[in-house]
Amino acid sequence: RPAPGHVILAASGKLPSDPVVVLIVALILIGVSLPIARRLGRTEGDPRLVSLLMIGLLLHFLGSGAQIFIDNHVYHGVSDFSGYVHQGATLSRNFRSFNFTTSGAGIRSVVGDGSVSIAAGVVFAIVGVNELAAFFVFAWFSWLGAIFFYRAFCLTFPEGGHRRYALMLFLLPSLLFWTSDVSKESVTMLALGVATLGTARVLARQRRGYPVIALGTAIGVVTRPNEFALLFVSLTVAMLFRSRDNRRQLRAVRRFGTLVFLVLLLVVTGLLLVKFVHSNSTSVSGLLNSAHQNNSGLGAGFGSSNVPFSSDPLLYPRDVYTVLFDPLPFTAGSVTQLLAAAENTVVLILVLTSLRRLRLVFRAGLERPYVILATVYSLGFLYAFAALGNLGLITRERTLLFPYFLVLLAIPLTPKGEPPKLPWEQPRLKRRDRRLAAARAGFSSPT
């Protein structure tokens with residue numbers, strides 16, 4: 001269903017999708033993507049990865065066509081992207097004349113919906129006013145975002161075991177369908193992917209992490225500041241588990257610089273977040289209750305707005321069920337809910353078959369702080385986004401949970417039949433001795 005409280009316009013006329021332009025755009029995107037996939041395959045030493053990535057891109061394109069078909073035949077032109085593409089078409093005429101103004105397009109604010117309409121205007125200015133071609137471009141954005149998430153996982157776990165994460169990340173239906181149109185999800189998928197790769201570099205003490213975080217933040221913070229606020233809180237917690245810096249003379253300076261950087265990002269994101277949810281509340285519970293009220297009501301987009309919510313942490317298990325598993329096949333009340341229930345069943349099976357990995361989350365987090373980041377982000381998302389109170393909206397927006405949640409379901413393990421080799425599989429005493437040895441080595445290292 002269309003999302004309540006968003007830009008929703010019943011199109012006065014359908015935007016064209018000239019097949020010749022669509023084919024040209026598709027071929028250009030495939031031509032640009034194939035070298036990216038091949039390079040990543042060479043880096044990982046896995047030729048099968050190239051096929052997986054390109055299949056994922058083509059499935060994104062199919063998702064774009066499915067979005068338009070469903071909008072035309074099920075929702076009769078009433079959807080999130082209807083507002084974005086019509087506003088973008090208006091803006092594109094200004095942009096082609098190098099008149100970078102939003103006047104006349106009906107954009108109230110660049111925070112949230114307005115940023116997507118502006119991005120659509122830029123794309124239309126380049127490829128022409130062609131709905132499906134623009135969808136392909138935005139689907140490509142989300143595909144790139146998934147690649148950045150995958151690189152963050154590989155950087156965190158150089159030992160291997162990356163294929164399980166890749167299969168889930170590039171083939172999960174929600175990530176293929178809901179990020180394949182002109183939407184906040186596709187833009188934020190790219191932006192979060194870039195920023196998250198930066199966090200992985202920072203947590204692994206590799207260079208150029210902070211500039212990459214800043215780049216991802218600049219791309220998407222005005223589109224979805226709530227996700228970025230959650231990411232920065234998660235990074236702050238994960239930094240507490242980062243290994244010591246052996247360069248002792250720079251340790252205090254680096255810590256201070258990191259603190260200033262994180263505080264600045266949190267302040268800016270917090271201010272945008274308050275504007276995004278249209279609330280003057282400064283408490284977390286107040287912001288969540290405001291979001292729940294904004295998405296409750298009658299009319300277009302409110303058909304599944306019957307999900308109860310309370311900010312009481314004692315009801316957190318209900319939040320987990322709501323965001324991850326509701327509806328299941330026996331609770332689905334419509335054909336669209338039955339389709340969502342099919343994927344929720346797959347997610348439930350993935351969780352049940354990953355119990356051993358989930359049991360090792362904290363151990364792995366002590367060794368690789370990126371796992372802590374993914375855990376805190378997932379826990380916070382499950383609590384905060386249950387407040388949306390609309391199953392259709394939750395199903396769409398949880399696409400930005402999966403790249404982090406799937407990390408917990410893909411923690412590498414030693415193959416069955418072999419003795420445990422990975423640090424997080426070792427008994428506590430061995431892990432403690434290894435960390436003490438590493439600390440002594442850092443303390444005695446020359447300055």
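Which residue takes a positive phi just after α4? That is Gly 128, with a phi of about 90°. Keep in mind that this is a predicted model.

Now α4 itself. The helix runs over residues 113-127, 15 residues in total. From first C-alpha to last, α4 reaches 21 Å. That is close to the 21 Å expected at 1.5 Å a residue. Its buried residues include Asp 113, Gly 114, Val 116, Ala 120 and Phe 124. What do the buried residues of α4 pack against? Three helices: α3, residues 80-96; α5; and α8, residues 184-203.

Next, the core. The largest nonpolar core holds 113 residues. Tyr 150, Tyr 165, Phe 170 and Val 182 touch the most other members. Helix α5, residues 131-156, gives the most to this core, with 19 residues.

Take Val 182. Beyond its neighbours within four places in sequence, Val 182 is in contact with Phe 81, Tyr 84 and Val 85, among others. Val 116 and Ala 120 are also among its contacts, and both are buried residues of α4.

Last stop, the second largest pocket. Its volume is about 810 Å³. How many residues line this pocket? There are 33, and Phe 177, Trp 178, Thr 336, Leu 339 and Thr 395 lie nearest its centre. Helices α2, α3, α7, α14 and α18 each give two or more residues to the lining. α2 gives the most, with 7. By type, the lining divides into 17 nonpolar, 10 polar and 6 charged residues.

Methods
Residues are numbered from 1 along each chain as its sequence is written. This is a predicted model: local features need pLDDT of at least 70, side-chain atom pairs count only at pLDDT 80 or more; totals for chains, interfaces and linings use all residues. Side-chain values use heavy atoms; hydrogens and water are left out. A nonpolar core is a set of buried Ala, Val, Leu, Ile, Met, Phe, Trp, Tyr and Cys residues joined through side-chain atoms within 4.5 Å. Buried means under 20% relative accessible area, exposed over 50%, partly exposed in between (1.4 Å probe, protein chains only). Helices (H or I, at least four residues) and strands (E, at least two) are DSSP runs, numbered from the N terminus. Contact means heavy atoms within 4.5 Å. The expected span of a helix is 1.5 Å times one less than its number of residues. On a 1 Å grid over the protein atoms alone, a cavity is a set of points where a 1.4 Å probe fits but cannot get out, and a pocket is an open set with protein on both sides within 12 Å along at least five of seven lines; lining residues have an atom within 4 Å of a point. Grid points are joined across faces, edges and corners, and a volume is the space filled by probe spheres set on the points. Ala, Val, Leu, Ile, Met, Phe, Trp, Tyr, Cys and Pro count as nonpolar, Asp, Glu, Lys and Arg as charged, and the others, Gly among them, as polar.
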